[in-house]
4 protein chains.
Amino acid sequence: MSTFDLIIRGGTIATASDVFKADIGIRDGKIVQIGAALEGATEVIDATGKYVLPGGIDSHVHISQPSGEGISMADDFESGTLSALFGGNTTIMPFCLQEKGRPLREALNAYHELAEGSCYTDVSFHLIVSDASPTLLGQELAALAEEGYASFKVFMTYENLRLNDAEILKTLDVARQTGSTVMIHCENEDAIRYLVEKHEAAGDVAPRAHATTRPIAAEREATHRALTLAEIAEVPIVIVHVSNGQAMDEISRARARGLKVYSETCPQYLMLTAEDLDGMDWEGAKFVCSPPPRDKAAQEDCWRGIETGVFDLFSSDHCPFRYDDEHGKRAPKALESFRHIPNGIPGVETRMPILFSEGVMKGRIDLPRFVALTATNHARTYGLYPEKGTIAIGSDADIAIWDPSVKKTIRHADLHDGADYTPYEGVEVTGWPTTVILRGRVMIRNGELVGRKGDGQYQTARTRTL
Amino acid sequence: MSTFDLIIRGGTIATASDVFKADIGIRDGKIVQIGAALEGATEVIDATGKYVLPGGIDSHVHISQPSGEGISMADDFESGTLSALFGGNTTIMPFCLQEKGRPLREALNAYHELAEGSCYTDVSFHLIVSDASPTLLGQELAALAEEGYASFKVFMTYENLRLNDAEILKTLDVARQTGSTVMIHCENEDAIRYLVEKHEAAGDVAPRAHATTRPIAAEREATHRALTLAEIAEVPIVIVHVSNGQAMDEISRARARGLKVYSETCPQYLMLTAEDLDGMDWEGAKFVCSPPPRDKAAQEDCWRGIETGVFDLFSSDHCPFRYDDEHGKRAPKALESFRHIPNGIPGVETRMPILFSEGVMKGRIDLPRFVALTATNHARTYGLYPEKGTIAIGSDADIAIWDPSVKKTIRHADLHDGADYTPYEGVEVTGWPTTVILRGRVMIRNGELVGRKGDGQYQTARTRTL
Amino acid sequence: MSTFDLIIRGGTIATASDVFKADIGIRDGKIVQIGAALEGATEVIDATGKYVLPGGIDSHVHISQPSGEGISMADDFESGTLSALFGGNTTIMPFCLQEKGRPLREALNAYHELAEGSCYTDVSFHLIVSDASPTLLGQELAALAEEGYASFKVFMTYENLRLNDAEILKTLDVARQTGSTVMIHCENEDAIRYLVEKHEAAGDVAPRAHATTRPIAAEREATHRALTLAEIAEVPIVIVHVSNGQAMDEISRARARGLKVYSETCPQYLMLTAEDLDGMDWEGAKFVCSPPPRDKAAQEDCWRGIETGVFDLFSSDHCPFRYDDEHGKRAPKALESFRHIPNGIPGVETRMPILFSEGVMKGRIDLPRFVALTATNHARTYGLYPEKGTIAIGSDADIAIWDPSVKKTIRHADLHDGADYTPYEGVEVTGWPTTVILRGRVMIRNGELVGRKGDGQYQTARTRTL
Amino acid sequence: MSTFDLIIRGGTIATASDVFKADIGIRDGKIVQIGAALEGATEVIDATGKYVLPGGIDSHVHISQPSGEGISMADDFESGTLSALFGGNTTIMPFCLQEKGRPLREALNAYHELAEGSCYTDVSFHLIVSDASPTLLGQELAALAEEGYASFKVFMTYENLRLNDAEILKTLDVARQTGSTVMIHCENEDAIRYLVEKHEAAGDVAPRAHATTRPIAAEREATHRALTLAEIAEVPIVIVHVSNGQAMDEISRARARGLKVYSETCPQYLMLTAEDLDGMDWEGAKFVCSPPPRDKAAQEDCWRGIETGVFDLFSSDHCPFRYDDEHGKRAPKALESFRHIPNGIPGVETRMPILFSEGVMKGRIDLPRFVALTATNHARTYGLYPEKGTIAIGSDADIAIWDPSVKKTIRHADLHDGADYTPYEGVEVTGWPTTVILRGRVMIRNGELVGRKGDGQYQTARTRTL
Ligand SMILES: [Zn+2]
Ligand SMILES: [Zn+2]
Ligand SMILES: [Zn+2]
Ligand SMILES: [Zn+2]
Ligand SMILES: [Zn+2]
Ligand SMILES: [Zn+2]
Ligand SMILES: [Zn+2]
Ligand SMILES: [Zn+2]
């Protein structure tokens with residue numbers, strides 16, 4: 001009988017704080033030994049010359065989410081997790097959306113059913129609170145938090161999703177009492193609608209107007225408001241998908257006032273600008289997401305936040321719609337006005353390669369910061385730590401082995417999601433996760449899928465206990 | 001026939017920019033000559049050793065405003081304007097409150113009727129938009145602006161008055177189109193209500209909780225939001241009754257982004273603190289107003305704003321209720337919880353003497369800044385300039401002659417408003433307006449009332465034409 | 001015998017606070033009457049349709065100042081004041097430079113001799129402290145302040161002029177004790193020299209490197225330091241020629257800490273950029289001044305400071321050198337390296353027309369703000385008020401009558417200074433001061449010089465008495 | 001033959017990112033294995049119920065440093081390192097002070113001689129640049145950096161140590177070229193001296209004046225200047241011993257501009273205030289250090305910086321002088337004026353227990369943040385990583401085992417430094433490092449010293465290679 005089921009030998013391991021050479025011994029899906037010259041395993045993977053990192057956690061992805069009449073999301077759990085896996089992820093956190101007027105539990109059951117048996121990575125759900133009813137806030141949320149659904153997302157924008165300040169405060173109150181975590185999408189809906197109406201009235205209906213009518217000011221305002229509500233309710237929050245320096249400043253100012261706040265940015269705010277929405281023949285629709293990409297200065301600000309610690313989380317906000325599809329970006333109504341263009345872009349597979357290449361390989365950040373931004377901080381923020389997000393004794397053996405010598409040009413043809421394009425077509429990257437291990441099981445070996453659909457499992461979250 | 005009806009001789013005149021010795025010649029209610037050694041008047045007032053200043057304009061006073069069932073405001077136009085006059089004012093600007101579901105015009109007619117024939121100072125009305133209906137926004141406001149009702153106040157707090165962001169944006173839009181001015185009361189109602197409910201649930205119902213449940217954060221948030229909405233709607237605004245440094249910082253930041261914003265503070269934020277609400281036997285109710293007085297640091301910040309130009313306007317926010325009165329502060333429900341205490345304090349008569357004494361006489365500001373803060377900027381902001389707010393050829397002869405040698409202890413017994421207390425009881429001041437002239441007519445001569453009720457007239461405002 | 005020597009009839013008068021139509025009666029060089037329909041003068045000027053403004057005060061000009069071996073300034077008092085006069089100024093404030101190791105009094109006597117009998121405008125001197133010796137600081141400065149030399153300029157840059165922090169503190173200390181005012185040129189000399197040496201070592205010696213080696217950071221640093229020294233010494237200061245938003249932010253932050261600080265910007269920071277220094281064939285030298293012009297964003301920031309009150313003073317920093325001249329910009333050593341290019345540009349004649357046209361006529365500022373920025377604030381800051389800087393009873397009759405209908409293209413051929421170029425060649429302006437009156441004497445009538453050399457007199461300043 | 005020399009069994013290990021239960025296997029002074037149920041060691045330490053942390057690194061201590069005529073520091077390498085060891089440290093970084101006019105190498109040789117054979121912990125030196133001569137900057141520093149002396153401290157204060165801006169820039173330039181790190185003590189010497197002279201002139205010579213004459217403004221100014229110089233020289237820096245929120249804001253602003261800056265605070269800024277300098281009978285001298293402790297608000301700001309990531313490093317700035325000693329705090333001249341009081345306080349032994357107790361046990365920070373602040377970040381910043389500062393395969397087995405159940409009252413009688421007092425006398429703490437291991441050698445076992453003088457070795461630093 002072998003001591004270990006699997007040994008990863010000779011690689012350079014990185015955690016959110018350390019980089020060192022060692023072998024990893026895995027048994028029963030767990031990391032049980034880290035050290036020099038481990039021996040005695042059923043299987044040995046040679047990682048010489050490679051980086052051995054915690055499997056990525058993408059805590060912000062949308063899968064099979066209802067998206068309006070006639071529109072369907074391009075990914076279900078099968079394609080979404082497969083794409084994630086190929087991008088070096090071992091866990092993703094999609095959103096379970098409450099149907100208005102219905103218990104969250106109902107949506108949760110249905111969502112579990114969709115995921116069950118379909119996943120290539122582990123998954124854990126956030127709950128979207130869209131109907132802040134007394135029942136939900138008074139009873140259901142607390143019960144769900146106790147069961148391990150410990151993060152709620154609330155929206156300050158989108159006609160059908162937005163909560164008002166009173167509702168947000170009540171949700172924050174539940175979060176404080178239950179130790180759960182609230183993620184907030186910060187854009188001022190009324191300001192946006194005011195501008196949308198002006199633009200539509202002026203006949204300015206092309207995709208670019210999507211960016212113009214969701215200005216930085218609308219995001220900055222909602223960000224400051226969300227932070228103030230958290231300050232009033234005395235509870236930490238997560239500001240998701242921050243797109244620019246003004247919103248970052250609000251976060252820094254809140255921290256300077258003593259507030260505990262986590263913040264997230266995404267690849268689109270490092271790589272795209274509003275000018276990408278100008279594409280001919282409605283092609284700008286490929287880049288329509290919210291908040292929209294801004295300008296070069298905002299990109300630099302976001303990079304600075306990646307480098308200096310303003311941001312804790314780097315997620316994809318993967319929200320895929322097919323472009324050349326009447327159920328996707330080119331839906332009939334979308335062609336009439338930007339306001340009906342399905343909102344979101346794919347990115348779960350490219351998230352980490354982009355940050356690895358542009359961040360680590362170009363010297364902007366080191367490996368520990370990469371690991372923190374793409375894995376550890378997600379696990380810690382959303383209650384999956386220490387099982388997930390690190391390479392440490394007792395943790396799940398969720399590991400991605402990165403080959404820093406691979407050079408690739410991103411092509412949608414090579415990706416595994418259900419969309420028909422990638423916003424990063426043609427981007428050249430250095431480094432790619434060539435072998436991916438999920439709870440000790442090799443899922444991808446040297447770029448070949450060897451795991452099976454259904455290998456991914458649901459993960460229950462912990463609540464904060466501070 | 002005399003050249004002038006009245007000459008004010010030998011005084012030291014101050015405008016918002018200059019201080020000089022000269023005589024003033026008045027004819028037909030207008031200033032027609034300023035110079036050395038004027039001669040030929042029916043009446044001559046010797047102002048030697050005195051300051052001859054523009055009559056004060058208090059652009060933020062509440063008079064005869066509906067205040068909830070069983071509650072009545074302590075001042076009608078007669079007592080309110082008389083008190084204002086004795087405090088050196090020649091114009092006040094009270095608020096005409098739209099009744100929900102009714103045309104503003106209706107309230108306006110009724111309000112004019114109350115004022116007609118009752119006033120000792122000139123008056124001009126602001127309109128409170130409480131019901132942002134399509135009719136009001138689409139038709140009525142524009143018509144009223146054209147008639148000279150060119151400033152609207154909107155509230156972000158108070159259950160029955162607050163507008164939401166969409167309504168505020170629409171109001172701002174009307175303001176931009178008509179060149180009128182929007183005043184915004186910035187406090188986040190939902191945040192306040194959240195805290196009020198917590199405090200009431202905890203049995204913390206004394207007056208001091210009024211201050212605790214309306215924290216600086218709630219004002220800062222609403223201030224930033226109001227400024228952002230104005231930025232989106234591309235129109236100047238007035239932030240009224242700023243109480244602390246954090247809200248001031250929001251204003252400075254907005255200016256640094258290029259926004260045109262006017263801001264106002266009031267005597268209570270220079271002279272009172274939240275500790276004043278701690279008075280025994282519910283006496284703290286005397287100091288209940290919104291935003292509430294803060295702490296010593298906030299007072300210093302507000303003084304700094306007076307000195308360095310953060311503030312453009314110094315108003316009283318006179319909003320008087322009798323203390324020892326079941327229709328006032330000690331209403332039956334008020335004694336049950338702070339949330340029912342009538343909200344507001346008197347101050348129209350003491351506003352200028354306090355700033356003159358604490359500001360000018362103590363060397364914090366000079367006379368031109370005093371004139372700007374108490375008169376000129378009000379006239380310019382609200383469309384009453386150049387008839388009102390300055391001493392210049394062609395302007396109305398609205399003049400207050402201040403004797404800087406008077407020393408007084410403020411006592412409510414000596415004041416002329418309809419309340420039964422002053423929050424500044426016992427405060428010692430140096431300097432008082434001993435003679436007050438309204439459109440050339442001497443209303444107070446050496447401290448004696450000589451004008452008559454009804455001498456005050458309604459003043460129509462101009463819209464901005466920039 | 002006439003009542004008045006001169007009446008200016010029918011114009012629109014503006015002060016720093018007011019705009020009104022009236023006649024002005026002048027006697028013995030003073031304004032003695034302002035009113036409707038004045039009669040009885042030896043001379044009457046019809047100003048119908050014109051603006052009647054206080055004569056400009058340019059408190060930052062360099063005239064006949066020693067500028068290094070082989071270099072001479074293009075203007076003496078005759079040409080400098082004539083040019084100023086044609087630009088609507090009635091007073092200028094040049095700098096008297098202490099020679100190292102010599103008493104300031106000596107330089108002052110020599111400087112008075114140069115001015116005596118040569119001036120077309122009034123003049124008043126600032127003193128440049130270049131040698132902060134114990135004698136100067138302990139005795140001479142106080143004596144000079146008492147005599148009416150009440151403003152000192154200190155430099156944080158320029159090898160031969162810079163004072164260190166200890167010397168600046170001692171100078172500020174004298175200023176506090178004597179009620180005089182310290183102007184500070186804020187650029188960090190060591191930082192600049194560090195960059196200059198790098199650039200020269202790299203062979204980068206063209207004029208553009210002048211801007212590159214004096215970056216915004218060097219100005220921001222020195223500005224923050226100067227403000228801190230003033231905070232420590234507890235005395236107001238003037239930050240001269242602010243060129244960008246970062247330095248402006250330092251000023252705003254200091255005000256928010258409670259410091260009294262005045263600040264100045266100049267036409268070059270509104271109209272030029274560093275790219276102007278890129279001119280072919282060393283022509284960029286025409287735009288070499290310190291701080292250098294920055295970029296478009298900095299221009300916008302400076303405009304915002306003009307509009308919102310960050311700046312109190314708008315001066316020319318007129319410092320003229322001939323371009324095509326071996327004693328000017330094209331000195332032999334200057335052609336070898338940018339560091340030897342004589343530092344400064346002409347602008348005393350164009351300062352006000354540019355701000356009038358770009359500011360008032362384009363709606364960025366109103367007339368009172370124009371008057372404050374170009375005249376009143378200068379007089380108040382430097383102790384010339386109330387004789388200078390306003391239109392008020394008892395003030396000197398220093399008046400410029402502006403015709404807002406004049407349209408002009410700025411050409412150096414039309415200007416009156418001693419340089420051979422203007423940085424603003426070809427700029428189109430609307431509005432020009434066509435008649436200029438100095439202490440009641442018409443110096444320019446309808447664009448024609450009628451005054452005489454020597455009509456300008458020296459003006460003694462007051463110290464602060466707060 | 002055993003597999004390991006030493007196994008630490010059953011403890012809870014923490015790194016700067018992770019907390020997990022595991023055994024540690026040590027061989028030849030290195031950590032070679034981390035895992036479950038390790039077996040086969042010469043010695044086993046049971047750490048059940050304890051925290052197993054990286055040995056502390058105190059990167060800011062002063063030992064045997066020349067301190068002025070007649071004054072001697074209370075610690076040499078023997079007592080200093082012994083005290084450090086008892087406080088849970090395994091490495092300290094004292095300063096080698098260049099003698100003016102002499103090569104740094106000379107001081108270095110002498111300093112090595114003092115350390116050689118005397119140490120209980122490992123040591124690594126910073127170099128203090130006091131004489132920025134061309135030889136030092138042009139040759140010596142670069143050579144020393146290559147040999148592994150890769151951090152230089154420069155002072156902006158202290159008459160005999162301060163460098164001017166030009167010298168600092170040159171030092172920064174060497175640092176950029178050699179990949180070494182510059183630590184800057186930020187206080188404006190001229191401002192301080194100006195105030196010292198004022199206070200002495202006024203007869204205000206008691207210890208408290210030490211704090212009054214070194215105000216926050218002087219630290220804020222120097223901090224902003226240092227950051228700007230680093231921005232100009234394009235090189236990261238360390239701002240040491242930050243004492244207040246204003247200096248923190250400067251650091252945050254610099255980071256927002258994109259600068260890489262590390263920052264440090266110390267126990268005195270969390271635990272003491274300027275009021276401690278008020279002690280009777282000159283006892284306030286016990287708390288004289290620079291920057292001085294500030295007020296409660298500054299303490300809270302520093303705690304916030306500990307919590308939110310403004311600070312990277314938590315050091316002691318141990319700089320011990322005996323209190324009741326004519327060669328220490330009560331030197332004859334010190335009793336005449338505060339300016340002669342030896343500047344510094346002891347703290348190397350109490351640094352970590354205070355942060356553990358006040359920070360970790362009170363819930364302000366978690367264990368990884370504690371480890372980062374006290375060990376890992378020091379090793380990374382100063383080139384000792386990965387040998388030092390973490391628990392990872394291949395790293396030195398420098399380990400402190402903390403017992404969180406120990407409750408202690410800090411008494412100088414129980415400490416091991418050479419001073420005769422501690423500023424924290426009477427402070428109660430929970431948690432203490434009871435066993436300390438240096439490169440695999442147990443130095444303290446259950447509170448008993450078992451290591452020997454001389455066990456500590458000199459550690460050479462790496463330069464940055466980014
Ligand atoms: Zn979102
Ligand atoms: Zn999303
Ligand atoms: Zn209000
Ligand atoms: Zn009000
Ligand atoms: Zn200058
Ligand atoms: Zn100059
Ligand atoms: Zn130090
Ligand atoms: Zn130190």
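**Entry 1**

I am working with a predicted model. Next I checked contacts, and 28 residues of chain D touch 28 residues of chain A.

**Entry 1: polar links between D and A**

I then turned to the charged partners. There are two salt bridges between chain D and chain A. I picked out D:Asp366 with A:Arg380, whose closest N and O atoms are 2.7 Å apart.

Which elements of chain D give two or more residues to the side that touches chain A? I listed strand 2 (19-27), strand 3 (30-35), helix 8 (245-256), helix 10 (296-308) and helix 13 (367-381). Sorting the residues of that side by kind, I got 14 nonpolar, eight polar and six charged.

**Entry 2: a zinc ion in chain B**

Now for a metal! Which residues coordinate the zinc ion (ligand 4)? I found B:His60 and B:His62, each through NE2, and B:Asp317 through OD, at 2.1 to 2.2 Å. Along the chain, these donors follow the spacing H-x1-H-x254-D. B:His62 sits in the loop between strand 6 (56-61) and helix 1 (77-86) of chain B, while B:Asp317 sits in the loop between strand 14 (313-314) and helix 11 (332-336), so this pair ties together parts that are 255 residues apart in sequence.

Are these two residues buried or exposed? I looked up both: B:His62 is buried, with a relative accessible area of 5%, and B:Asp317 is buried too, at 9%. I also saw a neighbour for the metal, as the zinc ion (ligand 3) is 3.4 Å from the zinc ion (ligand 4).

**Entry 3: helix 12 of chain A**

My last stop was helix 12 (residues 351-361) of chain A. Ten of its eleven residues are buried, so this helix is largely enclosed by the rest of the structure. Among the buried ones I noted A:Met352, A:Ile354, A:Leu355 and A:Phe356, and also A:Arg351 and A:Glu358. Just after the helix, I found A:Gly363 with a positive phi of about 80°.

Notes: Residues numbered from 1 in each chain as written. Chains lettered and ligands numbered in written order. Predicted model: local features only at pLDDT ≥ 70, side-chain atom pairs only at ≥ 80, totals over all residues. Heavy atoms only, no water. Donors = N, O, S within 2.8 Å, 3.2 Å for Na, K, Ca; no water. Helix = DSSP H or I, 4+ residues; strand = E, 2+ residues; numbered from the N terminus. Buried < 20%, exposed > 50% of the residue type's maximum accessible area, 1.4 Å probe, protein only. Contact = heavy atoms within 4.5 Å. Salt bridge = Lys/Arg side-chain N within 4 Å of Asp/Glu carboxyl O. Nonpolar A, V, L, I, M, F, W, Y, C, P; charged D, E, K, R; others polar.
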